[in-house]
Amino acid sequence: MITPRKDPSFDPSNLQVTHEPPADGGRLIVLTAPLTEAIDHAGYFIQMALASLPIWMEGVINRKYPKWREVEHNPDGSARYMPAGVRLVEKSLLREHRSDDVVACFPDDLHKFIGPRTRVVAVSTHNPLGVTFAAGVYTSIFGSSKMPINSHYSRLLFSKIKASPYRDNFKVIVGGSGGWQIIQTNLYDELSVDCVVEGRSESTDTLELFRKAIEGQELPRVVEVKHPMDREQILFPDTRTTFGVVEMTTGCGRRCKFCVPDLNPQIDLPKDKIMDAVRANVRHGNKQISLATEDMFIWGQVHTDTPFYFPNREALVDLYSDIVNTPGVEQHVLSHSTIAPAVVDPLLIKQLSDILLPKSPIHFPLLSSHPQKKALAPLIGLETGSVRMAKQIMSSKGVPFSIEDWPSVVLEGLRVLNENNWFPAMTLIVGNPGETDQDVMDTIDLVYEMERRGLFAFLVPSIFTPLHDTRMEKEKGVTQTKQLTKLQWQLMMKCWKMNLRPGQYSWWGPMAWRVGSLGMWVYKLRKLNGPNFTWPLLMFSGAVSEKNLQRMGKIYRGKPLKIKTRRELIASLKPKDWRYLRADNGDLPVEYAPPVAAQAAMAAS
Ligand code: B12
Ligand code: SF4
């Protein structure tokens with residue numbers, strides 16, 4: 001059981017119900033999501049900040065995005081856009097309910113749709129209580145109120161539902177990737193939730209649950225529903241989604257032990273349906289599209305004769321070209337990927353860059369060689385630089401390469417990506433169960449090696465969180481930042497120091513961060529995070545040079561790593577895998593002559 005956070009800035013008893021009941025008696029089923037998960041006008045980054053910053057730092061967001069709370073409505077007051085999860089619940093329900101019985105609305109508009117007729121209020125949520133990785137850790141580091149902004153708004157949503165004068169008439173059903181947080185914290189009563197659904201809305205069990213709720217039957221606290229096993233059963237949005245999210249794949253296949261999405265079946269979704277959903281988004285006013293996936297590179301290579309970790313170049317180039325060339329699509333953002341495919345097929349990265357950069361809304365002026373300084377920034381898991389740790393928690397993360405070569409795969413992959421203007425956000429897990437000082441030093445070595453080679457990734461360290469249902473759910477994580485060792489703090493602060501290097505996040509302003517961090521340390525962080533935090537923070541602030549800190553023995557200075565080149569990595573593959581390599585990338589083992597000749601002949605014909 002996880003102890004829920006308290007939100008001192010929020011008093012539900014202040015919620016007054018002053019509005020008139022809806023004239024039509026309300027909708028039978030009302031769907032919603034926290035405001036902080038529904039907004040899309042300010043870009044991906046704001047949602048990540050809302051999930052990671054504590055509520056007392058909301059002013060920073062307000063100053064940067066003064067209009068972030070302003071949302072768009074349809075003429076009937078329903079939401080113009082909603083997270084893809086809400087849209088799919090809506091689509092699933094419309095299989096057996098009339099469209100005027102179901103509505104998706106923003107939290108502030110709930111009173112317009114919840115009335116005496118309402119029998120179900122369904123909430124979709126990504127991260128309602130902020131107890132997941134990265135989201136929890138930064139709010140803890142920043143202190144006094146540990147409530148992330150997103151949790152505050154999620155609680156506000158639940159309080160509004162709880163305070164509805166019709167609350168006794170309807171059931172509250174929660175679903176989405178963050179539903180487990182309510183189960184783990186046992187906050188059903190406090191949040192006034194009747195049932196949490198684990199799984200996808202397409203399932204007939206989900207429809208059955210809604211039927212029971214409409215009939216007023218008691219619902220179980222938790223319902224686990226089955227994931228569709230084939231691509232035809234997955235539904236697609238036909239209205240606008242937040243950030244134009246359209247699913248591209250489910251599952252992954254690399255089997256990292258800490259991973260939730262990998263528990264789902266590995267499915268790549270049909271191109272025609274993806275394209276229909278893209279066009280539907282555009283029709284409803286969206287100019288941005290983002291294909292949701294755990295690893296974009298498996299698309300087109302699931303259950304084919306080629307292992308999924310050898311990307312299907314033609315299929316990917318064709319899909320992404322058609323998406324960015326869809327009339328009305330002005331922006332396209334990548335979601336998640338893995339790094340080994342960049343080593344396997346660098347030409348694929350180049351071809352995708354040519355297609356995707358012109359429509360990328362991301363600009364890294366000091367890093368990008370693109371004429372308009374555009375960049376691509378998928379989220380990629382680095383997790384650890386320790387081969388020992390990697391073997392334990394993610395032994396297939398780098399396939400087709402051996403996990404022994406993980407640091408080389410990361411650095412070589414990042415080189416290929418950077419050369420093509422891909423500057424990924426890379427997550428690292430600090431405090432893995434059984435992590436030793438040596439493991440942390442190995443990761444610091446990798447981070448220093450990135451710096452030495454002039455490579456750039458936006459490094460996002462987070463503290464290990466045992467996620468529900470994963471093969472590591474019973475493992476213990478770090479529960480307080482005070483428990484972190486000096487080395488773990490050094491790793492985290494080094495990552496952030498490197499992130500501020502090119503200073504492209506001008507609103508944060510590297511100097512402001514550094515001076516601010518010292519001030520914060522004096523004011524409160526020194527007590528909150530304990531003595532192990534002090535020297536790493538001084539390193540981060542630049543108040544004492546890293547060289548001096550190292551000379552004083554206060555921090556660990558990474559040692560240079562011996563890294564394999566692409567040619568050496570390719571040579572290390574099993575001979576049975578050589579036939580899946582592309583000759584035009586070069587570096588093929590000399591012993592592998594016949595298929596190269598065949599490929600050349602194919603290209604010539
Ligand atoms: C796109 C995406 C984002 C985008 C956009 C999110 C948005 N608001 O639309 C951005 C980049 C902003 C983002 C941010 C974050 N994300 Co995110 N994101 C995703 C991603 C890739 C796809 C989500 C998606 O739309 N999928 C498609 C829809 C259809 O799936 P779905 O929402 O799960 O909905 C299905 C079911 O859950 C169910 N369902 C959904 N709602 C409901 C409701 C009811 C009532 C019922 C019955 C069923 C139901 O039915 C749907 C299918 O039919 C997922 C990974 C993944 N593959 O899911 C990670 C993921 C959800 N994100 C994750 C995390 C951790 C975050 C952040 C906390 C990261 C951070 N620290 O900044 C933030 C939180 C943002 C916030 N506001 O709180 C984790 C969640 C882990 C968890 N909760 O345990 C995931 C799983 C990634 C991962 N590999 O771990 N994210
Ligand atoms: S590569 Fe990423 S999505 Fe795939 S199993 Fe590992 S953590 Fe999960």
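In this predicted model, S192 is placed in the loop that connects α9 (188–191) with β5 (195–198). The phi angle of S192 is near 65°, which is a positive value in a residue other than glycine. As background to both cases, most residues other than glycine have a negative phi, and most peptide bonds are trans.

**Sheets**

An open sheet is formed by six strands, which follow one another in the order β2-β1-β3-β4-β5-β6 with parallel pairing. At its edges stand β2 (102–104) and β6 (222–224), each of which pairs on one side only. On average, and with direction ignored, neighbouring strands of this sheet are turned by 20° against each other. Within it, V30 has V103 of β2 as its bridge partner. Helix α7 (residues 149–162) lies across β1, β3 and β4 (171–175), and the helix runs at about 180° to β3.

Another open sheet has three strands in the order β7-β10-β11, and here too the pairing is parallel. Because β7 (245–247) and β11 (331–332) stand at the edges with a single partner strand each, one side of each is left without a neighbour in the sheet. I289 stands opposite H332, a residue of β11. Helix α11 (residues 271–283) lies across β7 and β10, running at about 165° to β7.

| Strand | Partner | Sense | Bridges |
|---|---|---|---|
| β1 (residues 29–32) | β2 | parallel | three bridges |
| β10 (residues 288–292) | β11 | parallel | two bridges |

**Ligand sites**

Which protein atom is a donor of the cobalt atom of ligand 1? The only protein donor is NE2 of H126, at 2.3 Å from the cobalt. H126 belongs to the loop between β3 (120–124) and α6 (135–142), and β3 is in turn one of the strands of the six-stranded sheet.

Ligand 2 is surrounded by C252, R254, R255, C256, F258, C259, D262, E294, T338 and K397. Sorted by class, this shell holds four nonpolar residues, one polar residue and five charged residues.

**Confidence**

The average pLDDT of the protein chain is 87, and 84% of the residues score at least 70. Over residues 504–509, however, pLDDT stays under 50, and for this stretch the model has 13 contacts beyond four places in sequence. Where pLDDT is low, the predicted coordinates should not be read in detail, and the contacts of residues 504–509 fall in such a stretch, with pLDDT under 50.

How values were computed: Residues numbered from 1 in each chain as written. Chains lettered and ligands numbered in written order. Predicted model: local features only at pLDDT ≥ 70, side-chain atom pairs only at ≥ 80, totals over all residues. Heavy atoms only, no water. Pairing = 2+ DSSP bridges. Helix = DSSP H or I, 4+ residues; strand = E, 2+ residues; numbered from the N terminus. Contact = heavy atoms within 4.5 Å. Axes fitted to C-alpha atoms, helices over the stretch in contact; angles between N-to-C directions. Near = heavy atom within 4 Å. Nonpolar A, V, L, I, M, F, W, Y, C, P; charged D, E, K, R; others polar. pLDDT = per-residue confidence, 0-100. Donors = N, O, S within 2.8 Å, 3.2 Å for Na, K, Ca; no water.
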